[in-house]
Amino acid sequence: MMTPCFKFVLAVLVTAAAAGASRAASITVGDGNSGDGNSIPFSGGYQTILNATEYQQVYDASFFGSSSVSIESITFHAWRDSGANADGTYTLSLSTTSKAVNGLDATMSNNLGANDTVIFSGTLPAYGPTLTFHGAQPFVYDPTQGNLLLDIAISGVTSGSVAFYIAQNVDFVGSSRMVDGTAIGTNGIGLVTTFGIGDGAVPEPASLAMLATALPGALILGRPRRHRRAG
């Protein structure tokens, strides 16, 4: 049976954990209502015309707040009612990069962060209203350490299909891309992107400290006391 003191400390622990885990359900970078269409990188023509094998897009850290978030999915939004995604294999990874928006290196390996993590590898689904990738494990991103980089490696494409997704092509504020095969049209351009943020995001450091301090006390308070018999 829990004592009143133990109940109070337990309530503090739950409140601290909930405060650290509270996050928006999604974060969208770009304006989907005023966007244009762009066929890079999910159209087969991107690879068959440019001989391209990689695409990168960087997102300014300010979109994600000031503490770690748990990214569980990435979604792109179709611009047209019909189209066809490329065949071949797409490998998506996320990392923290030191590169600035509109400052990606044309040598794309120089943009990758040390924590580069694959979140999806496989073929694209059929073209539809949205294109969503779910990671096998959430990617924990700390925006205080740098901007977020999406890297897409592409191989085995044989079709010249065309699939358009909503993008901002001249005035993207807070994101930019680097296109393999050509360095033209990279600044101020990129796909409107929605990041799914997990409910169990990483707790704030202050919350973790509170948990570490309160837990031992809670365990002691919750321990049943033994009474000595008078004798």
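**Figure 1. Phe64 in the predicted model.** Phe64 is buried, with a relative accessible area of 4%; the model shown here and in the other views is a predicted one. The relative accessible area falls under the 20% limit, so Phe64 counts as buried. Tyr141 is also buried, at a relative accessible area of 0%. Phe64 takes part in an aromatic pair with Phe195, which is edge-to-face, with 5.4 Å from centre to centre and 70 degrees between the planes.

**Figure 2. Aromatic pairs, with Phe64 and Tyr141 as one example.** Searching the whole structure gives eleven aromatic pairs. In one of them, the ring centres of Phe64 and Tyr141 lie 5.2 Å apart and the planes stand at 85 degrees, so this pair is edge-to-face. The angle is over 60 degrees, and the edge-to-face label follows from that cut-off. Distant parts of the chain are linked by this pair: Phe64 lies in the loop between β3 (54-59) and β4 (69-77), and Tyr141 lies in strand β7 (residues 130-141), 77 residues apart.

**Figure 3. Ring cluster and a charge over a ring.** A cluster is formed by ring pairs that link Phe42, Phe76, Tyr90, Phe120, Tyr127, Phe133 and Tyr165. A contact between a charge and a ring is given by Arg80, which lies over the face of Phe164 at 4.3 Å from the ring centre.

Figure 4. The bond from Ile40 to Pro41 is a cis peptide bond, and its omega is near 10 degrees. Pro41 is placed in the loop between β2 (36-38) and α2 (44-50).

Figure 5. Asn51 is not a glycine, yet its phi is positive, at about 55 degrees. The loop between α2 and β3 holds Asn51. With a relative accessible area of 64%, Asn51 is over the 50% limit and therefore counts as exposed. Asn102, likewise a residue other than glycine, has a positive phi near 65 degrees. Asn102 is found in the loop between β5 (89-97) and β6 (117-122). The relative accessible area of Asn102 is 39%, so this residue is partly exposed.

**Figure 6. Surroundings of Leu149.** Leu149 is part of strand β8 (residues 147-155). Its relative accessible area is 1%, so Leu149 is buried. Leaving aside residues up to four places away in sequence, Leu149 touches Gln56, Gln57, Val58, Ser93, Leu94, Ser95, Thr97, Leu104, Asn111 and Leu112.

**Figure 7. The whole protein, as context for the close-up views.** The protein contains three helices and twelve strands. It has 231 residues, of which 45% count as buried. Among contacts with a separation of 6 or more, 86% are accounted for by residues 24 or more positions apart. The accessible surface of the protein is about 11900 Å², and carbon and sulfur atoms hold 57% of that surface.

Notes:
Residues are numbered from 1 along each chain as its sequence is written. This is a predicted model: local features need pLDDT of at least 70, side-chain atom pairs count only at pLDDT 80 or more; totals for chains, interfaces and linings use all residues. Side-chain values use heavy atoms; hydrogens and water are left out. Rings of Phe, Tyr and Trp (its six-membered ring) pair if their centres lie within 6.5 Å; planes under 30 degrees apart count as stacked, over 60 as edge-to-face and the rest as tilted. Helices (H or I, at least four residues) and strands (E, at least two) are DSSP runs, numbered from the N terminus. Buried means under 20% relative accessible area, exposed over 50%, partly exposed in between (1.4 Å probe, protein chains only). A charge sits over a ring if NZ of Lys or CZ of Arg is within 6 Å of the ring centre and within 35 degrees of the ring normal. Contact means heavy atoms within 4.5 Å. Accessible areas come from the Shrake-Rupley method with a 1.4 Å probe; for residues, only the protein chains shown count as cover.
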